[in-house]
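Visitor: I have a structure to look at and some questions about it. Can we go through it together?
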Amino acid sequence: MTTPKQIHLAAHFPGVNNTTVWSDPAAGSHIEFSSFVKLAQTAERAKFDFFFLAEGLRLREQNGLIYDLDVVGRPDTFTVLSALAAVTERLGLAGTINSTFNEPFEVARQFATLDHLSAGRAAWNVVTSWDAFTGENFRRGGFLPQDQRYSRAETFLRTAWELFDSWRGDEVLADKASGRFLSDANAGAFSHHDQHFTIDGRFPVPRGPQGRPVTIQAGDSEEGREFAAATADAIFSRYGTLETGQPFYRDVKGRLAKYGRTPEQLVILPAATFVLGDTDADAHEKAHEVRLQQVSEQTAVKFLEQLWNTDLSGYDPNGPLPAADPAVGDDLISKGRASVRMYRDPLATAKEWRQLAEAKNLTAREVVVEVTGRQTFIGSPATVATAINDLVQNDAADGFILVPHVTPGGLDEFADTVVPLLQDRGVFRTEYSGPTLRDHLGLPTP
């Protein structure tokens with residue numbers, strides 16, 4: 001009998017996204033430290049692999065004003081994760097840090113420090129930036145062509161690895177009797193010269209418990225998939241169904257051999273939302289209410305503005321879609337938004353939405369609710385546990401990064417009802433097997 005795959009689970013602190021229902025009576029702060037502690041400690045109680053923080057480098061804007069219909073702001077990633085290291089014991093601590101706007105030395109020093117503070121639980125989600133709008137907050141500006149973004153990102157990561165590896169791990173003797181602290185006077189020496197970085201010196205942080213922090217990657221382009229196959233320990237994927245997950249899984253894992261890697265050395269983790277109920281019918285009713293909370297009338301109008309690239313402030317979202325076609329051009333009213341990349345052909349997308357509205361007799365708001373739906377798992381705890389397990393056992397994923405829609409208590413019900421069912425099936429741990437995040441993910445130490 002084949003041994004079932006073990007499922008990996010992580011918890012995403014919602015913050016900078018549009019799935020959060022901050023107006024829910026149960027919702028709390030997205031900035032106060034107590035909220036981060038609550039979600040992280042729930043994830044650790046449930047024996048999750050890691051806690052994940054996204055990154056918000058510029059406040060969202062629309063029509064030149066702060067977009068204040070979803071959560072605004074994000075405290076510094078390293079500060080939050082370092083503080084969480086003191087109130088958790090085994091949970092991995094993963095943060096998104098941009099390779100476009102930072103320098104390898106500083107990021108490597110910060111992650112090496114976090115790995116020491118957490119006793120080997122640090123992870124780095126390496127991302128690039130695609131827009132100059134965000135780059136206006138930084139000295140260099142933001143825009144790089146896609147091939148240069150990934151070239152810089154891979155060079156950035158490998159340079160950071162050189163810094164981590166500048167210490168072997170056995171140099172610190174701290175021999176009090178002899179008074180000798182180091183076995184190697186050249187510890188931490190590095191010299192790196194290429195088209196992106198010219199740096200020489202000594203790295204000030206000794207090798208951490210994991211050797212290198214776990215590397216996570218989230219790109220889905222051809223360049224992103226190849227970058228992940230060459231360098232990543234885990235992928236933050238957007239393919240959470242059997243139909244989309246299996247081809248992505250085969251594609252990326254099939255690229256590993258040419259880099260001398262095995263399929264077990266890369267963990268694929270789609271993002272996933274969930275709504276639980278006593279019964280499947282109850283869960284679907286709740287899910288509909290959640291969607292209406294996520295897409296208020298005001299939110300629907302703002303979303304339409306992003307596609308139509310037109311001020312629709314006087315528009316009735318409970319009526320039909322706008323009759324005029326979207327205004328196509330480079331002067332966007334919603335700079336730096338994911339929808340700018342998602343809907344590269346606004347005229348074709350508007351046509352699809354009109355066909356959907358006509359076929360189902362939907363209002364403009366109802367169209368937005370339908371086309372932006374992101375609820376991966378809906379049902380009773382037993383139904384959701386079965387769905388998660390089926391996807392993992394059928395190689396559509398190795399696990400999921402769960403994004404609750406209420407912060408900070410939105411993970412509690414999942415931890416208390418779904419996790420025990422997965423444990424009963426023997427597909428999810430009941431205790432951590434080791435102290436480091438690499439132990440949790442089954443990854444070798446470099």
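This is a predicted model: local features need pLDDT of at least 70, side-chain atom pairs count only at pLDDT 80 or more; totals for chains, interfaces and linings use all residues.

Visitor: OK, so how are H9 and H11 packed, at what angle and how far apart are the axes?
Guide: Helix H9, residues 297–308, packs with H11 at an angle of about 135 degrees, and the axes are 9 Å apart. H9 and H11 are therefore oblique to each other.

Visitor: Which residues meet there?
Guide: From H9 they are Phe-303, Leu-304, Leu-307 and Trp-308. From H11 they are Pro-346, Thr-349, Ala-350, Trp-353 and Arg-354. By type, this contact of H9 with H11 has 7 nonpolar residues, 1 polar and 1 charged.

Visitor: What about H11 and H12, at what angle do they cross?
Guide: Roughly 110 degrees, with the axes of H11 (residues 346–360) and H12 (residues 364–371) coming within 10 Å. H11 and H12 are therefore roughly perpendicular to each other.

Visitor: And which residues make that contact?
Guide: H11 gives Trp-353, Leu-356, Ala-357 and Lys-360, while H12 gives Val-367, Glu-370 and Val-371. The contact of H11 with H12 divides into 5 nonpolar residues, no polar ones and 2 charged ones.

Visitor: Changing topic. What do the strands form?
Guide: A closed barrel of 8 strands, with parallel pairing, in the order E1-E2-E5-E6-E11-E12-E13-E16. On average, neighbouring strands of this sheet are turned by 30 degrees against each other, ignoring direction.

Visitor: Give me one pair. How many bridges are there between E12 and E13?
Guide: There are 4 bridges, in the parallel sense, between E12 (residues 234–237) and E13 (residues 267–272). In this pair, Ile-235 stands opposite Ile-268 of E13.

Visitor: Which strands does H3 touch?
Guide: Helix H3, residues 104–117, packs on the sheet and touches E5 (92–98) and E6 (122–127). The direction of H3 makes about 155 degrees with that of E6.

Visitor: And where does H1 lie?
Guide: H1, residues 33–45, lies across strands E1 (8–13) and E2 (50–53), and runs at about 170 degrees to E1. The loop between H1 and E2 holds Lys-47. Phi of Lys-47 is near 65 degrees, which is a positive value in a residue other than glycine.

Visitor: What lines the largest cavity?
Guide: The lining includes Thr-19, Thr-273, Phe-274, Val-290, Gln-294 and His-405. Strand E14 (274–276) and helix H8 (280–294) are the elements that give two or more residues to this lining. The lining of the largest cavity has 5 nonpolar residues, 5 polar and no charged.

Visitor: Last one: is the peptide bond from Thr-407 to Pro-408 cis or trans?
Guide: The bond from Thr-407 to Pro-408 is cis, with omega near 5 degrees. Pro-408 is in the loop between strand E16 (399–402) and helix H14 (412–424).

Methods. Residues are numbered from 1 along each chain as its sequence is written. Side-chain values use heavy atoms; hydrogens and water are left out. Two strands pair if DSSP finds at least two bridges between them. Axes are lines fitted to C-alpha atoms, for helices over the stretch in contact, and angles run from 0 to 180 degrees between N-to-C directions. Contact means heavy atoms within 4.5 Å. On a 1 Å grid over the protein atoms alone, a cavity is a set of points where a 1.4 Å probe fits but cannot get out, and a pocket is an open set with protein on both sides within 12 Å along at least five of seven lines; lining residues have an atom within 4 Å of a point. Ala, Val, Leu, Ile, Met, Phe, Trp, Tyr, Cys and Pro count as nonpolar, Asp, Glu, Lys and Arg as charged, and the others, Gly among them, as polar. Angles under 35 degrees count as roughly parallel, over 145 as roughly antiparallel, 65 to 115 as roughly perpendicular and the rest as oblique.
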